[in-house]
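This report walks through a protein model, from its overall arrangement down to single residues. Please keep the sequence and the coordinates at hand.

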Number of protein chains: 2
Amino acid sequence: MAITMYDLAGAEADRRFSPFCWRTRMALAHKGLDVDTVPWRFTEKAKLPPPNDGRVPIIVDNGKVVHDSSAIADYLEQAYADRATLFPGAAARGLSKFVQNWTETVLQMGLIRLVVLDIWNHIRPEDQAYFRESREPRFGATLEEVVKDRDARLPTFRASLDPLRRTVERQPFLCGDAPAYADYIVFGAFQWARAISDFALVTPDDPVFAWRGRMLDLYGGLARQAPGYGG
Amino acid sequence: MAITMYDLAGAEADRRFSPFCWRTRMALAHKGLDVDTVPWRFTEKAKLPPPNDGRVPIIVDNGKVVHDSSAIADYLEQAYADRATLFPGAAARGLSKFVQNWTETVLQMGLIRLVVLDIWNHIRPEDQAYFRESREPRFGATLEEVVKDRDARLPTFRASLDPLRRTVERQPFLCGDAPAYADYIVFGAFQWARAISDFALVTPDDPVFAWRGRMLDLYGGLARQAPGYGG
């Protein structure tokens with residue numbers, strides 16, 4: 001029986017734009033597990049199976065509900081230990097946490113200030129109100145104000161990618177010759193942006209662009225086929 | 001026969017302050033290998049065994065010369081494959097590269113602008129002239145000018161440690177339950193600063209401080225016993 005996954009969707013049901021859900025989606029593909037995704041919107045908190053914290057991803061596997069992308073990765077790794085590992089080797093889980101913390105404190109923090117208005121433009125009117133009311137107090141600014149100088153901030157954002165850039169310039173994936181969960185963590189952030197924004201985060205000659213291309217090609221082009229911008 | 005290691009030294013021969021040499025020193029200890037270190041100064045390029053690129057660390061193992069800390073780690077891993085691995089598992093080497101690139105583009109770039117004058121203060125007069133002449137053009141400023149606003153830059157530097165901080169707050173080492181090469185890469189930067197500067201990079205209540213303490217305690221307090229500041 002396929003695993004069910006609750007996945008954040010835009011106005012169109014097939015526009016999936018949660019960085020955390022993309023981690024899980026790629027992890028499921030890595031494990032070769034079938035999945036039925038359920039499009040879910042910000043204002044549909046009552047539709048989520050308990051237990052949950054009002055956020056996605058959530059998976060339901062043979063009646064078992066697991067929420068939070070990190071908990072899901074751990075669950076899949078344990079429940080499907082006979083399949084390709086998400087954490088190859090004794091140090092991979094620990095080091096993946098460093099990659100995750102870089103992604104969440106540097107990459108995603110930089111990204112949200114570039115594309116937050118593009119998110120608003122791609123969700124339903126009833127979700128737009130929720131999104132604006134919940135996000136603007138966090139920024140202390142309107143969504144329009146947050147992004148209005150994004151062109152000026154782009155060089156700093158691109159420079160912040162140096163640790164990623166130098167790594168994937170010299171090896172195919174963050175995890176080395178083959179992708180694993182740490183790659184999905186970082187890729188989730190790019191796929192989030194790609195789903196809702198045509199803002200050019202990296203240039204085509206950037207090693208990060210080439211790595212993102214390799215990620216888009218994985219699993220039969222799973223991520224590339226998803227609605228989004230920029231190839 | 002012990003391995004010989006050429007190690008960057010200050011005015012006092014036992015003050016060792018190269019972040020790259022500390023990576024190697026910790027890696028040798030991790031492997032349980034005996035080492036005789038040779039104190040070496042910036043202006044003693046002619047004293048290094050060929051092949052070299054005029055920099056340390058360099059090791060000589062049974063007549064074989066290996067230079068560059070990354071090449072040395074790879075050499076040790078291959079030549080002493082039966083000993084504790086520096087890269088536990090298939091993804092560890094790839095992920096360690098990400099940690100290395102973060103260390104070199106974020107951590108060490110931030111650190112040098114805090115402590116570069118302290119380096120100058122801890123080397124011999126004949127090395128001071130070389131150091132000033134080679135470093136000041138890189139900064140486009142005198143060493144004094146580089147550090148003069150370091151107190152003002154400290155909050156930004158501390159914030160840049162967030163990926164490290166969040167990781168070692170929840171697990172003992174970057175590599176998880178036990179240290180491996182990625183830990184030594186990051187630690188090398190802190191040990192570099194510790195050897196020559198009393199500037200408080202992190203506060204005692206910072207998880208980074210506690211992690212650094214665990215690193216200082218490894219291998220019988222190898223790094224803690226080395227001349228330096230701040231415990």
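The sections below cover symmetry, the sheets, their helices, a cavity and one arginine.

## Model and symmetry

The model is predicted. Chain B superposes on chain A by a rotation of 180°. The shift along the axis is 0.0 Å, and the RMSD is 0.0 Å. The two copies are thus related as by a two-fold rotation axis.

Which residue of chain B comes closest to the rotation axis? That is B:Gly89, with its C-alpha at 1.7 Å. Of the interface residues of chain B, 100% are also interface residues in chain A, so the copies meet through the same surface.

## The sheet of chain A

Chain A holds an open sheet of four strands. The order is S2-S1-S3-S4, and the pairing is mixed. The edge strands are S2 (35–40) and S4 of chain A, each pairing on one side only. Neighbouring strands of this sheet are turned by 20° against each other on average, direction ignored.

Strand S3 of chain A (residues 58–61) pairs with S1 and with S4 of that chain. S1(A), residues 3–8, runs antiparallel to S3(A), and three bridges join them. S4(A), residues 64–67, is also antiparallel to S3(A), here over four bridges. Strands of a sheet pair through backbone hydrogen bonds, either parallel or antiparallel.

## Around strand S3 of chain A

A:Ile58 links to both sides. A:Ile58 is the bridge partner of A:Tyr6. In S4(A), the bridge partner of A:Ile58 is A:His67. Further along, A:Val60 stands opposite A:Val65 in S4(A). S3(A) and S4(A) form a hairpin with two residues between the strands. There A:Asn62 takes a positive phi near 50°.

Which way do the side chains of S3(A) point? A:Ile58 and A:Val60 point one way, and A:Ile59 and A:Asp61 the other way. In a regular strand the side chains alternate between the two faces of the sheet. Are these four residues of S3(A) buried or exposed? All are buried, A:Asp61 included.

## Helices on the sheet of chain A

Helix H1(A), residues 19–30, lies across S1, S2 and S3 of chain A. H1(A) runs at about 150° to S1(A). H2(A) packs on the sheet as well, touching S1, S3 and S4 of chain A. The direction of H2(A) makes about 130° with that of S4(A).

## The sheet of chain B

Chain B has an open sheet of four strands in the order S2-S1-S3-S4, with mixed pairing. Strand S2 (35–40) and strand S4 (64–67) of chain B stand at the edges. Each has a single partner strand, so one side of each is left without a neighbour in the sheet. Neighbouring strands are turned by 20° against each other on average, direction ignored.

S1(B), residues 3–8, and S2(B) pair in the parallel sense over six bridges. B:Ile3 has B:Val35 as its bridge partner in S2(B). Helix H2(B), residues 69–79, packs on the sheet and touches S1, S3 and S4 of chain B. The direction of H2(B) makes about 130° with that of S4(B). Helix H1(B), residues 19–30, lies across S1, S2 and S3 (58–61) of chain B, at about 150° to S1(B).

## The cavity

How many cavities of 30 Å³ or more does a search of the whole structure find? There is one. The largest cavity has a volume of about 60 Å³. Its lining includes A:Ser70, A:Asp74, A:Phe87, A:Arg93, A:Lys97 and A:Tyr181.

Three helices of chain A each supply at least two residues of this lining: H2 (69–79), H3 (92–121) and H8 (181–196). H3(A) gives the most, with four residues.

## A:Arg214

A:Arg214 is found in helix H9(A), residues 207–221. A:Arg214 counts as partly exposed because its relative accessibility is 27%.

Leaving aside neighbours within four places in sequence, A:Arg214 is in contact with A:Val168, A:Gln171, A:Pro172 and A:Phe173. A:Arg224 is 10 residues from A:Arg214 along the chain, and their C-alpha atoms are separated by 9.9 Å.

Key. Residues are numbered from 1 along each chain as its sequence is written. Chains are lettered from A and ligands numbered from 1 in the order in which they are written. This is a predicted model: local features need pLDDT of at least 70, side-chain atom pairs count only at pLDDT 80 or more; totals for chains, interfaces and linings use all residues. Side-chain values use heavy atoms; hydrogens and water are left out. Copies are superposed by least squares on the C-alpha atoms of residues with pLDDT of at least 70 in both. Contact means heavy atoms within 4.5 Å. Buried means under 20% relative accessible area, exposed over 50%, partly exposed in between (1.4 Å probe, protein chains only). Two strands pair if DSSP finds at least two bridges between them. Axes are lines fitted to C-alpha atoms, for helices over the stretch in contact, and angles run from 0 to 180 degrees between N-to-C directions. On a 1 Å grid over the protein atoms alone, a cavity is a set of points where a 1.4 Å probe fits but cannot get out, and a pocket is an open set with protein on both sides within 12 Å along at least five of seven lines; lining residues have an atom within 4 Å of a point. Grid points are joined across faces, edges and corners, and a volume is the space filled by probe spheres set on the points.
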